[in-house]
Amino acid sequence: MTLISTNTIGKPVSRVDGPAKVTGQAKYAAEFNVPGLAHGFVVSSTIAKGRIKKIDRSAAIAVPGVIAVLAHDNRPDVASEHEKYTDATAPPGLPWRPLYDEEIFFSGQPVALVVAEEFEVARFAATLVGIEYEAEEAITDLDTQLDKAFSPPKKRLPGWDPDPRGDVDKALSRAPIHIQRTYRTPIEHHNPMENFGCTAVWEDDGRLIVYDKTQGAPNCHKYLCNIFGLAKEKVRVLSPYVGGAFGAGLRPNYELFLAALAAIGLKRSVRVALTRAQMFTIGYRPKTIQTLSLGADQDGSLVALKHEAITNASRFEDYQEPTVPWTGALYRCDDSAVSSKLARVDLFTPCDMRAPGGAVGVYAIECAMDELSYAVGIDPLELRLRNYSEMDQNEGKPFGSKALKDCYHWGAERFGWSKRKPEPRSMREGRELVGYGMATGIWEGLRVPASARATLAPDGTLEIASATADIGTGTYTILTQIGAEMLGLPLDKVKVKIGDSDLPPAPVEGGSWTAASVGSAVMEACDCIRKELLERAGKLKNTPLDGAELADVTFVDGEIRMNGDPSRRLPLSEVLQGANEPITSELTSMPDWKTLRRYSHKVHSAVFAEVRLDEVLGMLRVARVVSAVAAGRILNAKTAHSQVMGAVVGGIGMALHEETVIDHRYGRFINHNFAEYHVPVNADIHDIDVIFVDELESHLNPLGVKGVGEIGIVGTAAAIANAVYHATGVRVRDLPITIDKLLGLRPPRETASAG
């Protein structure tokens with residue numbers, strides 16, 4: 001089954017959930033109100049390592065309106081086994097157990113929850129909770145732990161550290177041109193518009209209805225059942241709207257646990273919402289230190305490639321990202337070795353953040369390739385074309401589809417790359433230095449099992465249901481389009497229900513796999529309804545579709561039409577006439593693993609950036625970015641464009657703005673607010689041009705999609721960093737590129753070593 005007709009698929013359809021959001025009808029996790037709702041406020045640890053010696057609740061309890069002060073020493077019973085706290089996306093290790101005992105593992109760890117009749121009362125009383133600690137020295141500086149870095153014994157996913165090919169050290173020693181560079185990326189924190197919050201509604205029959213900000217309602221449902229020993233039917237988790245996440249909500253965060261704990265213990269509804277500062281006490285993009293060693297012939301052909309990375313991990317989990325495997329999937333090189341190590345520090349476990357591993361790993365790779373282009377003396381784009389690979393050497397497989405050359409061509413043409421002068425500091429306009437830079441982007445094309453239900457009512461309205469989520473990416477809209485396309489219905493006749501653990505199960509919304517996975521399930525469920533409709537149509541008296549097979553007809557404009565003979569048509573209303581019951585199909589869509597594993601599935605892009613530096617003021621800006629993307633079929637031209645455009649903004653933030661700073665004396669993040677954690681604002685963003693190149697993907701899923709959630713950020717920071725070097729002659733290898741790293745600097749003399 002392949003989707004061929006395109007009545008709604010691919011069109012720039014506006015978000016079907018847009019009106020609800022802009023009119024305030026869409027409710028988020030901390031906006032659901034019920035009678036008797038109590039409010040919890042989190043008391044956070046002021047030390048990064050140690051233990052709690054004593055908790056003094058007396059002053060807080062004395063405040064009128066305070067209901068309880070819950071901590072490890074008076075909370076309701078919870079599971080003790082670490083395994084009960086694991087979840088669908090947990091890394092190897094022992095998951096942290098909130099409010100479990102007196103141990104402190106990271107600064108800002110929740111140590112108590114004040115519950116009161118009103119939020120303001122809970123917030124005030126939380127300041128009165130006295131906690132005495134026994135502090136220990138906390139180590140939070142990755143650079144001091146490099147000698148203790150280790151290769152995790154259990155990989156989070158296979159294939160993230162590909163086996164070495166050839167003899168890379170020998171090849172490096174013989175390479176005519178050899179460069180070795182180290183690149184650094186800082187810790188970055190998620191800063192979605194919606195803070196994490198949870199409203200746990202206690203019902204009289206002991207059922208718990210939970211509204212949580214999450215990317216996976218089923219994941220949170222299982223988490224709560226395991227920890228609190230609740231029957232599956234006693235818990236329901238909903239997340240109908242999510243105000244941004246991109247990885248922060250993949251795992252259950254502690255507001256979910258605390259709200260449920262209080263609701264169960266007090267037998268009443270409780271809401272817990274994190275403050276902006278507390279958003280910095282959950283997952284984040286880890287710091288990386290990466291060393292690239294490239295060896296090349298005089299013409300730029302790679303003969304050796306080594307990529308080594310070290311990232312920080314917590315004391316209790318081995319969170320890993322695919323930082324190093326991308327080069328083997330991008331460039332042809334027979335002698336290659338990569339390694340990824342972790343070093344433990346006293347911080348919370350990192351988490352997935354848009355294009356985990358890819359955003360930082362490709363930054364280092366693509367900056368190193370840019371440096372190699374200068375060492376060889378050829379154009380950076382030409383260097384990539386000379387090392388272009390038609391095969392994923394990591395897997396030893398051909399690509400299911402790869403239109404990267406088209407990305408290079410159309411991106412360069414749209415950007416005007418041919419106007420670039422090769423020498424650094426050679427382009428100027430007024431007092432501004434102008435620089436052009438480019439980079440390649442790559443991400444996984446993924447598909448995983450997912451379930452969906454399609455229900456066609458007698459009045460011709462279609463309901464699509466799946467427990468997946470929409471984190472602002474447009475899931476509501478593309479599932480509406482798929483349903484409308486399959487049954488030939490107008491969009492307003494399709495309703496989508498998602499974000500509910502009572503619905504058919506779906507994986508967490510992440511990895512850019514939702515369209516390919518849940519979309520395929522919706523497509524297949526609707527196909528079953530198509531078969532039933534055609535069967536009913538064939539039984540009608542004097543039917544114009546007598547003897548028709550499914551392949552012979554098209555569902556369009558509310559009709560079933562015979563291909564090649566439009567006069568043979570039948571309105572769906574006639575097929576459904578007299579029906580008393582809806583037609584329902586619920587199924588789990590499974591990938592064709594045999595076909596899937598024959599190919600490597602990747603999304604590709606080519607990113608071109610122009611930067612301008614005011615030489616007098618030292619002010620740096622990204623004047624424009626062109627991102628050309630090959631992602632298979634584009635289901636919605638508008639939402640896909642927004643996905644990539646937003647990701648490019650994230651890439652600009654990564655390159656020039658974002659960095660979480662730690663005061664290592666206290667093991668504490670110190671810029672935990674929007675005043676000091678810098679993100680791009682409107683004034684920082686100029687022209688962003690997104691191009692989708694034609695690409696046929698026929699192996700990954702019947703829709704032909706690959707996903708666009710991550711690819712827009714991958715390569716963007718590298719393109720900007722490379723443009724900064726072209727403009728200034730100064731190579732900044734530690735992100736973000738801030739004014740202090742450029743002000744008053746002149747290009748150093750760096751050369752590649754000769755083999």
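Ala-465 sits opposite Lys-497 in strand 23, and Ala-465 is also the bridge partner, in strand 22, of Arg-453. Strand 22 (residues 462–465) is joined to strand 23 (residues 494–497) by four bridges, and the two run parallel; strands count as paired if DSSP finds at least two bridges between them. Helices (H or I, at least four residues) and strands (E, at least two) are DSSP runs, numbered from the N terminus.

A word on the model: it is predicted, so local features need pLDDT of at least 70 and side-chain atom pairs count only at pLDDT 80 or more, while totals for chains, interfaces and linings use all residues. Residues are numbered from 1 along each chain as its sequence is written, and side-chain values use heavy atoms, with hydrogens and water left out.

**The hairpin**
- Strand 21 (residues 450–456) pairs with strand 22 in the antiparallel sense, over four bridges.
- Five residues lie between strand 21 and strand 22 in this hairpin, where Gly-460 has a positive phi near 90 degrees.

- Strand 29 (residues 620–630) is parallel to strand 32, with six bridges between them.
- Val-625 faces Ile-688 of strand 32 across that pairing.

- Arg-633 belongs to the loop between strand 29 and helix 15 (637–656).
- With a relative accessible area of 24%, Arg-633 is partly exposed (buried is under 20%, exposed over 50%, partly exposed in between, using a 1.4 Å probe and protein chains only).
- Gly-707 is 74 residues from Arg-633 along the chain, yet their C-alpha atoms are separated by 8.8 Å.

**Cavities and pockets**
- On a 1 Å grid over the protein atoms alone, a cavity is a set of points where a 1.4 Å probe fits but cannot get out, whereas a pocket is an open set with protein on both sides within 12 Å along at least five of seven lines; lining residues have an atom within 4 Å of a point.
- Grid points are joined across faces, edges and corners, and a volume is the space filled by probe spheres set on the points.
- Searching the whole structure turns up seven cavities of 30 Å³ or more.
- The largest cavity comes in at about 220 Å³, and among its 20 lining residues Trp-96, Arg-251, Pro-252, Asn-253 and Phe-348 lie nearest its centre.
- The second largest pocket holds about 1300 Å³.
- Its lining has 44 residues, with Asn-191, Pro-192, Met-193, Phe-246 and Gly-646 nearest the centre.
- Helix 15 gives the largest share of that lining, seven residues, and strand 8 (188–189) supplies at least two.

**Cysteines**
- There are zero disulfides in the structure (a disulfide being a pair of cysteine sulfur atoms within 2.5 Å).
- Cys-225 has its closest cysteine sulfur in Cys-220, 11 Å away and so too far for a bond; Cys-225 is buried at 10% relative accessibility.
- For Cys-367, the closest cysteine sulfur is in Cys-333, at 19 Å, which is also too far for a bond; Cys-367 is buried, at 1% relative accessible area.
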